[in-house]
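Visitor: Hi, could we walk through some charged side chains and a helix pair together?
Guide: Happy to, let's bring the model up.

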Amino acid sequence: MLSVLDIFRIGVGPSSSHTVGPMRIAARYRKRLTKKALSPDQIEIVFRGSLAFTGDGHGTFRAAKLGLLGFVPETIEMAKAETALAQLNETGRLPNGSEVIVTVDYDTPTRLHPNEMVMIARCDGETLDSRTYYSTGGGFIASHAQLSRPVRDDLVRVGDASPHPFGSAEELLDICAREALPIAQIILANEDAKRPRAKTLARIDQVAAVMMQSVDRGLAASGLLPGSLKVQRRASKLWQKLTSAPPNEREALFDWLNVYAMAVNEENAAGGQVVTAPTNGAAGIIPSIIRHYCHDEDGSLQVEQTRRFLLTAGGIGLLYKQRASISGAEMGCQGEVGVACSMAAGGLCAVWGGSPEQVASAAEIGMEHNLGLTCDPVGGLVQIPCIERNAIGAVKAANAARLALHAPGQMIVSLDAVIETMRQTGLDMSSKYKETSQGGLAVNVIEC
């Protein structure tokens with residue numbers, strides 16, 4: 001089974017599939033060339049599909065160059081990265097002398113996934129090595145060979161050391177009933193098979209800390225976001241208004257959830273450090289819920305509540321990753337904001353004491369009312385409608401958790417059913433609405 005720590009990756013904005021993934025692909029290819037002892041005088045990077053159509057606005061091309069320079073999202077130091085990138089852009093060559101060519105291919109159809117990258121190494125005009133990769137969402141990457149392997153229905157059980165492997169929400173709930181444990185404890189037991197528990201909890205705490213840091217930076221920053229749209233940051237002004245004269249009307253809940261979600265996604269749009277949750281485009285929903293519901297008045301996180309939240313939400317994210325997709329290029333925004341809303345709803349329900357069945361219901365409600373959500377970023381930038389969409393998603397998540405807790409019994413629609421519905425909807429959705437900026441708001445809003 002995948003790990004929840006694969007769902008929550010620390011990276012940089014603005015996109016997990018279009019920034020984090022391409023950077024990791026290029027860094028992986030750099031290691032491949034080193035391992036094979038190849039010394040090309042030219043490296044060509046070919047972008048196809050969604051990476052081609054929205055690559056400029058998503059920072060895809062610069063991310064791939066940074067990967068070839070040896071930077072990776074988890075540990076990148078932006079000052080050093082920008083200096084190295086400026087040198088590469090000026091000379092067109094890596095420090096070892098290899099020329100770097102970026103090719104944007106709008107015409108060649110992608111094969112296994114809409115986010116396709118081809119890495120080609122040449123010497124004296126002859127191809128030394130060529131490899132096709134895919135950025136599959138949430139920062140996950142795969143080679144053509146890896147993605148070509150047939151998927152087996154019992155894949156999660158074959159050779160899996162996890163004590164409680166599951167391939168569906170129904171199986172997960174059966175395990176919870178059999179072991180008399182909440183979802184978070186089942187997930188944590190599975191993580192124990194991968195690493196010592198102390199290490200898992202330390203990384204979960206680090207994920208939460210990075211999330212809160214991104215909230216704080218977003219609340220403090222002001223000015224214009226990068227790109228042609230000239231979008232003004234809004235979170236800082238709303239934050240000042242909320243903290244200078246705290247409102248007492250009932251609707252203030254919306255403002256608090258909105259400001260935290262927008263703070264994170266404004267940071268993401270600016271290329272700052274965020275946590276994929278499960279993607280960068282949806283990175284604000286889970287931190288918003290944590291900040292509002294798992295924070296003490298003195299500003300500190302409630303550690304046990306936050307861990308329960310993230311382990312539960314991560315387990316739900318694993319179901320979407322394994323049974324469908326968390327890629328906007330495959331599923332539209334239902335696979336990003338929809339999944340994040342579902343994860344946050346389940347996690348919050350667990351924090352509020354919900355049973356595993358209620359948690360699953362909360363997650364189902366969170367997705368059910370995001371089905372069909374399109375990914376149509378204006379100008380190819382992760383700004384409009386992405387920033388506000390996270391704010392709306394956070395409010396939906398809290399409401400979904402409340403609805404599940406107040407439900408009279410087992411819900412008619414199961415979590416498995418809604419995940420499969422999302423998958424089918426994504427397959428049926430026109431490519432215009434799946435992170436290509438060729439339809440929807442992207443073509444009906446005039447760029448400034």
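**Charges and helices**

Guide: Asp-416 is buried, with a relative accessible area of 13%; buried means under 20%, exposed over 50% and partly exposed in between, using a 1.4 Å probe and protein chains only. This is a predicted model, where local features need pLDDT of at least 70 and side-chain atom pairs count only at pLDDT 80 or more, while totals for chains, interfaces and linings use all residues. Residues are numbered from 1 along each chain as its sequence is written, and side-chain values use heavy atoms, with hydrogens and water left out.

Visitor: Which side chain meets Asp-416 in a salt bridge?
Guide: Arg-323 does, at 3.9 Å from N to O. A salt bridge here is a side-chain nitrogen of Lys or Arg within 4 Å of a carboxyl oxygen of Asp or Glu.

Visitor: And where do Arg-323 and Asp-416 sit in the chain?
Guide: Arg-323 is in helix α13 (residues 303-323) and Asp-416 in helix α18 (residues 415-428), so the pair links distant parts of the chain, 93 residues apart. Helices are DSSP runs of H or I with at least four residues, numbered from the N terminus.

Visitor: Is Arg-323 buried or partly exposed?
Guide: Arg-323 counts as partly exposed, at 34% relative accessibility.

Visitor: How many salt bridges does a search of the whole structure find?
Guide: The search finds 20. One set is a network linking Arg-48, Asp-105, Arg-111 and Glu-116.

Visitor: What does Glu-364 touch, then?
Guide: Leaving out residues up to four places away in sequence, Glu-364 touches Ser-342, Val-413, Ser-414, Leu-415 and Val-418. Contact means heavy atoms within 4.5 Å.

Visitor: Now the helix pair: at what angle do α4 and α5 pack?
Guide: Helix α4 (residues 60-68) and helix α5 (residues 78-91) pack at about 100 degrees, with axes 10 Å apart. They are therefore roughly perpendicular to each other, a label for angles of 65 to 115 degrees. The axes are lines fitted to C-alpha atoms over the stretch in contact, and angles run from 0 to 180 degrees between N-to-C directions.

Visitor: Which residues meet there?
Guide: Arg-62, Lys-65 and Leu-66 in α4 meet Ala-81, Glu-82, Leu-85, Leu-88 and Asn-89 in α5.

Conventions
Helices (H or I, at least four residues) and strands (E, at least two) are DSSP runs, numbered from the N terminus. Angles under 35 degrees count as roughly parallel, over 145 as roughly antiparallel, 65 to 115 as roughly perpendicular and the rest as oblique.
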